[in-house]
Amino acid sequence: MKKIIYFTSAFFFAAVISCSDDFLDVPVQGGPTTSSDPKLAEKLVTGVYNSLLQGDSWGNGDVHGFAFISATNIISDDGDKGSTAGDQLVPVGDFDNFTLTPTNKFAESLWSGHYNSIGAANQALAALNTASLSDAEKNKLIGEVRFLRGYLYFNLVRMYGGVPLVLRVPRDAADANADPTFQTRADVADVYQSIKEDLQFAVDNLPLKSVAITGHATKGAAQSLLAKVHMYLQEWPEVYALTEEVISSGQYDLVDDYATIWRQEGDNSVESIFEIQTGKFNNANLKIDNYTGSQGPRVGSGGGWDDLGWGFNNPSPNLIAAYEPDDLRKNATIIFVDKTPAHTGTVLWDGFRLPSGDSVQNLYYNYKAYTSRTKEQFANPAEKDRPKNIKILRYAEVLLMNAEAAIHESMGDPAGRVNEVRERAGLDPLGAVTIDDVWQERRVELAMEHDRFWDLVRQGRAAEVMHAAGKTNFVEGKHELLPIPISQILLSGNKLEQNPLY
Amino acid sequence: MLSLLGLAAFSAFGQSRRITGKVTDPTDGSAIPGVNIIVTGTSKGTATDVEGMYSIEVGPDDNELSFSFVGYQTRREEIGDRTVINVEMETEVTTLQDVVVVGYGVQKKTDITGATATVKGEELFQQPVLTATQAMQGKISGVQIISSAQPGISPQVRIRGVSTAMSGTTALYVVDGVLTDDISNINTADIVNVNILKDASAAAIYGSRGANGVIIITTRKGQSGAIKINYNNNIGIRQAANLVKMANAEEYRNYVQAATGSVPPPSDYDTNWYDTILRTAWQQSHNLSLSGGTDKTTYLLNVGYLNDEGIVLNNEFKRLTVRFNNEYKINDKVTFGLQSSYGNSVNQNGFGNIDIDPYGNIGGVYNNAYRAAPIIANKVDGRYGNTSAYQNVGNPLLDVNNNDIRVRENRLQGATFLEVRPLSWLTLRSSFGGDWRNSLNRGYWYQFNADENTFLSSGGNQYNTLSNLIVKQTQSFRWVWDNTATIQKTFGDHDFTLLIGTTAEKYNQHWFSATRKDVPADRDLWYIGVGDANTSQNDGKGDAWARNAYLARLNYAFNEKYLLTATIRSDGSSRLPGKNRWQQYPSFGAAWIASRESFMEGQNIFDLLKLRASYGKVGNDQIATDAFTQTVALNKAYPFNGSVTTATNGAQLNQIIDPNITWETTEEFDLALEFEMLNARLSGEVNYYNKKVSNALINVPIPRTVGDIDGVILTNAASIENKGVEVTLNWRDKITDDLSYSVGGNVTFNNNEVVALNGGQAIWGGSIGASQGYTTYTSNGQPIGSFYVLKVIGVFNTDAEVNAYTNDDGQKIQPNAKPGSFKYLDKNNDGVIDDNDRVFAGSYQPVAYFGLNLGVNFKNWDFSMALYGNAGNEVYNGKKAVRVYGTDNVERDVVYNRWTSANHSQSEPAANTGNLPASDYFVESGSFLRINNLTVGYTFPTGSLQRFRISSLRIFATSQNLFTFKKYSGFTPELPGDPLTSGIELSAYPTTRTIAAGINLGF
């Protein structure tokens, strides 16, 4: 009897104390940590590229989505809001009409989207520093990430002016709250200085396009972007030198048919210097959310067809008027909806017939955002919002930057550069070119390509041109920049200063 | 030792004699079968047979027999030199002897110092509902049960208010010692009783699991005696209980024309879309149980089958349960046993299986039926009316027919225990429980085009160009191992019970899903391998955690009058970072049973008068297992190589986490008075509680510049308080031998408030789409999930009124308004109506909820009625609110009550095209009172049944949710949801009324 008592008591006692602390060390399942994946650093670099596809415009972040379209095209004299009159008056209409407020959701998601990407870049750089890779390989990867970070800050400084210059990963939330870097604005000059340093490192460490894998940042991309940065700072000798290097590198040329650039066949062409890649992953479309979906032709009150999108970002009559007669680029840039009584509709390049009249909501749509369900390859063609590469830097722009710098520096052959571009567009060459000629050429060549508004601000004539285009709400000294999101200002305890007049 | 016992038994047998007798019920002289008869002080026992007869051998030293049976007062009879002992057993009326399962032990209800409640299984299982919790609705104060009429779905249980915003709100269920969060696999007929630990002092023994209350379910055991066979069933029909009348074709035309100025196209149809997708549905349940045993072993086998057709076409839930409970007594000191259950369920086309219905087509049909225009046909000659071409709303009948979503689950749950009593005052118990679940879910979407093969006219956006199959398999297992030692000692007037123990628990889960397109429509081909491999996608992940705890509880009673309870549980959880991993949860309770004082002797008013007070601390660790670990965001791919067919895999580190995350801590103070008086005719309880949750998890915003993808960090910052009073009163009386009745009522007043956010972000919630954005806001000083909307202050009657509505600066506030438009309050006087003008407009948290239960027994008839209701809360009429197109249908009342130039209504706007902003127009009273259950039964007299060898037979008719009194104009004010979004009626399943009949048959 006693034995049984002792035995059972001992058993229970053992059970009571047998649980050790190891029992509670259960690692997270299916969520690798920084220490559990040796190839993490390289994957993080790819992840930075992936972050360029952010298009959560009403949510956590937008880099090249609907908010980006709003802040670059719809805001300019090239694009109108489109869709139905009342659709998305807030937040999209506020860009078109310059009624922006610090609560604008798109102005906020562009801020957060870019910092999400910069955060991903800083995380990748931190991981690369300790990764076991050869120096050459490591520097190439660092060069790519710094190129992307430079590009992101270039967008930020053009949208908001001087912004918090975050170049490292915070240890935790307390660190981020304690370090003023995260919550106060740097000088515009300091941001530009950082961009130049990032891009210079990229120029020094990235390979030429011909030896790089398509889609990665290249030396030519870094040089072209650095040239553009210098152009915004009016540092013309550098613009000239860098563009000359790109032109003489033998890596790039113009494609013959301008219209094909925005079709799958024109992706990563000889003219492409840097473009955002889209495609297929896990048998699903890998894309920027709502990039094509927001711009696709929209059904009108007549109904009767399954439309292609929401119908935003319509090319404006002002843009249409900017083309010279016979400019091939006009019909390659703009889908003209048939509103005649003939009801013939509009047949697009792939044979798709866009209905006419009341069945379509708007008069003009962006051809550069059109995707073909039948003639292009997609993981899921049934999805209306299909992948589309965005051409961030093209050789044609390098030629025009070179021309502009050549005029300022009175060297080179500005007319020759401009005429290369004009020739492809089916236009007669110009004899001599002025700055205004180059600006006009930039407008029509790069129309709907997210450049126009910033270009006008750079040229110092945004107010003048906006007013002339009927956008009379534009206030000089205010609307060149977007408002800093109010949520972020409040969060910083007002350490983050608002842009003038907002 | 065993041989010694054997010898002793043998020697006793030598001089034994036999006692026989009959046990009857004095009210009608009927025999009571199944009564347990035990020779006091021994393990010898037997049970009465069908005729109430028994026979038992007793030894020379045996001097007393004890007769016991559920529902009857236990009788003890001195044997003396009698050989025939006939006994009459009185029905048990008092609750004083009730035993409550308190977690790792049982206690007499009178000895408990915390807030608990008990419901007997027999009160629950005859209701035609799925789960025990649903049947408990309105029966217990402090426990709010929010039901869903959807087949296969358990109701939401909120014990003493909502006390968390961001972590889990599920009460802890303990089924025979197995901890779980879902009891939809438990057949209500298997349940002996349900004990609820309401306050922190009672729940503290469950430490970090107790913050949302604990519901302990004990399943039936066999009784020693001859085999007993019982068969119970109920079969009935269900119908939609409250349908909103929609406009018919003519009313629709009239309204749309007034709203848009254009006349809808002519049509011969007048479709009632609710009639189209709803049906009268069958429901049935059957239970067959076999039980019995000897004095050494008992067994119970219960097989249950439940089939519940949904009232929405093609929706069905089926469940088969098998329970086998055994107990073996090796000798006086060692007992072991097994409680096991197997459940198999199939849920066809249930709403809200977003997991495998990513398009939400099934969940959306009820809302689409609200919006679809009556001028479009539902289906004619095999072709559907094309609602989407006309109005951008999918044809709900087509969605019901062309989506096939099935959730199938197999579940094995059980526990085995070994109990040893080496000494009379010491009990050692080890229990090991497991819960294995495997669900195989499948969704299939038929292929069809928006052409004239499918529709009466082509066009629109309702089509599926390629059929699609999704299969998802989830497997999980959890085990829990409890070891306890209980010491029970009495020194004079001092009674001590000390429990010490340890418990360990581990969980792991693995899921896998795959999808392919272009799978043929033949049901026999719905396998992933049949689809187009070029379209395959798959995904999978897992989860794992462990918990470990040490616990102790001391009960001390002096003179059975002064009671003290102290509990401590030290809890460890893998879900928390190392330094916060362990936390102590103490509780104290004291009670004074005044009725046992000498000064109360001689009075015959109070049978029991008890005052108790307690304080306790519990926790909530229901947070994501990776909440404190930074993990890599995977599959952040990018298509290098210029390829449109492949992409390079990538990753991101895009979350900043709080590495110091810790438990939510609940502290609760409870004060109560319990009484039983007038010979147990009146009993009741009044309870006050104050429950404060600190360290409640909340998202604190961090600067976007740190690159955190959602801009917030989950951390412990907020505090939430629930204060309330519960009152329970029960009256029962027997007027004559033939007539007895009972009346019971309970009411709970609760006040919920977020007392501090502490830098946390006030939370927007209740997004309902359309142009309304969010509808709730959880902020300081307000109940969780309060509606936060514009305030309607009238309707403009004239343009002059529009122009006259200006702010202090003379700025027109609603310059675009027209006569008949709502006039909204410009709260901040800035001349613009926007989100800054929103005001708080109440919440779904009720001020009070209550139940009323009536029972009458007359001769062989029994009658019962249960009512349930809540008061003082608000609901949001989301269906009305998400009218997004001018072509959407409207409610008939809206057509007739609208503002017109002739009817200057100040509460209804003119005909409009929808897209109204979120306002208090859509907030309506959520108060309701419902006849929850009404049952009439007839029990056949035993004598008439004996020749069929039937020992008992009762037939009954029952009705669930017979009628609801409500102010709300929508379908149902009972709307389960998470704390931040509950109370919004958008795609809630329609509430149903059930009428059923059944039998209870015993052999």
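Student: What makes the side chains of B:Asn326 and B:Tyr328 a polar contact?

Tutor: The two side chains are 3.1 Å apart in their polar contact, and the term asks for a pair of N or O atoms within 3.5 Å, where within protein one must be able to donate a hydrogen and the other to accept it, and where residues adjacent in sequence count only if both atoms are side-chain atoms. This is a predicted model, in which local features need pLDDT of at least 70 and side-chain atom pairs count only at pLDDT 80 or more, while totals for chains, interfaces and linings use all residues, and side-chain values use heavy atoms, with hydrogens and water left out. Residues are numbered from 1 along each chain as its sequence is written, and chains are lettered from A and ligands numbered from 1 in the order in which they are written.

Student: Why is B:Asn326 called buried rather than exposed?

Tutor: Its relative accessibility is 9%, and buried means under 20% relative accessible area, exposed over 50%, and partly exposed in between (1.4 Å probe, protein chains only), so B:Asn326 counts as buried. B:Asn326 belongs to strand S20 (residues 316-329) of chain B, where strands (E, at least two residues) and helices (H or I, at least four) are DSSP runs numbered from the N terminus. Leaving aside residues up to four places away in sequence, B:Asn326 touches residues including B:Thr298, B:Phe336 and B:Leu338, a contact being heavy atoms within 4.5 Å.

Student: What makes B:Arg581 and A:Asp25 a salt bridge?

Tutor: Their side chains meet at 2.5 Å, N to O, and a salt bridge is a side-chain nitrogen of Lys or Arg within 4 Å of a carboxyl oxygen of Asp or Glu, so this pair qualifies. The count between chain A and chain B is 1 salt bridge, whereas 15 residue pairs across that interface are in polar contact.

Student: How do you know how much area chain A and chain B bury between them?

Tutor: Buried area is the accessible area (1.4 Å probe) that two parts lose on being put together, summed over both, and for these chains that comes to about 6,400 Å², 65% of it on carbon and sulfur atoms. In this interface, 73 residues of chain A are in contact with 78 residues of chain B.

Student: Why is helix H15 (residues 435-445) of chain A described as largely enclosed?

Tutor: Of its 11 residues, 8 are buried, so the helix is largely enclosed by the rest of the structure; among the buried ones are A:Trp439 and A:Arg442.
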